[in-house]
Amino acid sequence: MYTVCMKKLPDGFIETSLAALNEEEVPQFLDAFAEEPARGMRLRPGVKIHTVRHALPGRYEAIPWAENAHYIEMDSLAGAHPLHTAGAYYLQEPSAMAAVAALGVRPGERILDLCAAPGGKSTQIGGLMRGQGTLVSNEIVPNRARILSQNIERMGIPNCIVTNEQPGRLAEKWGAWFDCVLVDAPCSGEGMFRKEPGAMAEWTEESPAGCAVRQQQILASAAQLVKPGGRIVYSTCTFNTTENEGVV
C-alpha cells in the first residue's frame, strides 16, 4: 500500500519532505494520506451543538484542540444549510484550528492575523476574544481580502478590522503595537495533497525554497509588529524543513 501511495506523490517530495520524517512517522504519514480528508465545524460562541444536530442529524465528535469545534461527516450538507449562511458555524479542517490554539488568545488583547484569508483562523481568534480587544485581519490579495471581509461579517466578529496591505507597510505605520501576531504563511501546500490532488501537479522541487524567501520577509515584518514580550505563531500547511524549521 505504501508503494502505491508513494507513486502518487512527486518524486522530489519523497526525496525531501518524506525523507525528513523519522522511521516511525513515514508509515503513519502514508496511512493518513490514504484516508479521506477530515472535515470540521467550529461553532459561533453562543450556538449549541444540539441546535446544529437538530437541523443536520449526524455524529459530531469534539475536536480536542479547539473550542466549540467538532468533526463532521464527509457527506454532511452543512455548507449548504441556512445555518451556515447565518454564521452559526464555520467549516474548517480540524488541523487548521491548531495554530490559533497555540496562539493563546486572551480577550482584551491586540491581535494581528497577518495572512488571514479566507478567514478561518481570524474567525476562530475573534470567537476566543469574546468581543474584547482589537483584531486586525490582513490579506495582501484584494479579491481574497473581500472574501475575508465577508466571512468576518458572516461570523459576527464586532471588533475586527480587515486590511488589504503589504506586511512591511503595516510594520512601518504601526510598529510594535500587537500583543500577538499569527503568520499562517503562504506555502508550497504539501499538506493539501490529500484534499486537493491538483496541489501535487502544481508542486515543484523549487517551490519550497521560493516560498521560504517570502515567508522570511513576512516574519521579519511580524517581528516588527509585535510588542516586546509578545507572541508570534508561525504555521504552514506543508511538511518540508526548508519552509518550517529552516525559516524559524
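Three strands make up an open sheet in the order β2-β1-β3, with antiparallel pairing, where strands count as paired if DSSP finds at least two bridges between them. The model is predicted, so local features need pLDDT of at least 70 and side-chain atom pairs count only at pLDDT 80 or more, while totals for chains, interfaces and linings use all residues. Residues are numbered from 1 along each chain as its sequence is written, and side-chain values use heavy atoms, with hydrogens and water left out. Helices (H or I, at least four residues) and strands (E, at least two) are DSSP runs, numbered from the N terminus.

**The antiparallel sheet**

- The edge strands of the three-stranded sheet are β2 (69-72) and β3 (89-91), each of which pairs on one side only.
- From one strand to the next, the twist averages 25°, with axes taken as lines fitted to C-alpha atoms (for helices over the stretch in contact) and angles running from 0 to 180 degrees between N-to-C directions.
- Strand β1 (residues 39-43) is joined to the antiparallel β2 by four bridges, and arginine 42 stands opposite alanine 69 in β2.

**The parallel sheet**

- Five strands form an open sheet in the order β6-β5-β4-β7-β8, and their pairing is parallel.
- β6 (160-163) and β8 stand at the edges with a single partner strand each, so one side of each has no neighbour in the sheet.
- Four bridges join β4 (residues 110-113) to β5 (residues 134-138), the two strands running parallel, and isoleucine 111 stands opposite leucine 135 in β5.
- α8 lies across β5 and β6, running at about 170° to β6, whereas α11 lies across β4, β7 and β8 and runs at about 155° to β8.

**Nonpolar cores**

- In the largest nonpolar core, which has 19 residues, the members that touch the most others are Leu103, Val105, Ile111, Ile125, Leu135 and Leu182; such a core is a set of buried Ala, Val, Leu, Ile, Met, Phe, Trp, Tyr and Cys residues joined through side-chain atoms within 4.5 Å.
- At least two residues of this core come from each of α6 (98-103), α7 (120-129), α8 (142-154) and β7 (178-184), and α6 gives the most, with three residues.
- Beyond its neighbours within four places in sequence, leucine 182 has contacts (heavy atoms within 4.5 Å) that include Val100, Leu103, Leu112, Ile125, Val233 and Ser235.
- A second, separate core of 18 residues includes Leu170, Ala185, Ala212 and Tyr234.

**Helices α9 and α11**

- The axes of α9 (residues 167-174) and α11 (residues 207-225) come within 9 Å and cross at roughly 15°, and the two helices are therefore roughly parallel to each other, a label for angles under 35 degrees.
- Pro167, Gly168, Leu170, Ala171 and Trp174 in α9 meet Ile218, Ser221, Gln224 and Leu225 in α11.

**Two buried residues**

- Alanine 212, placed in helix α11, counts as buried at 6% relative accessibility, where buried means under 20% relative accessible area, exposed over 50% and partly exposed in between (1.4 Å probe, protein chains only).
- Leaving out residues up to four places away in sequence, alanine 212 touches Thr242, Glu243 and Val247.
- Serine 235 lies in strand β8 (residues 226-235) and also counts as buried, at 12% relative accessibility.
- With residues up to four places away in sequence not counted, serine 235 touches Ala99, Lys121, Leu182, Val183, Asp184 and Ala185.

How values were computed
Parallel < 35°, antiparallel > 145°, perpendicular 65-115°, else oblique.
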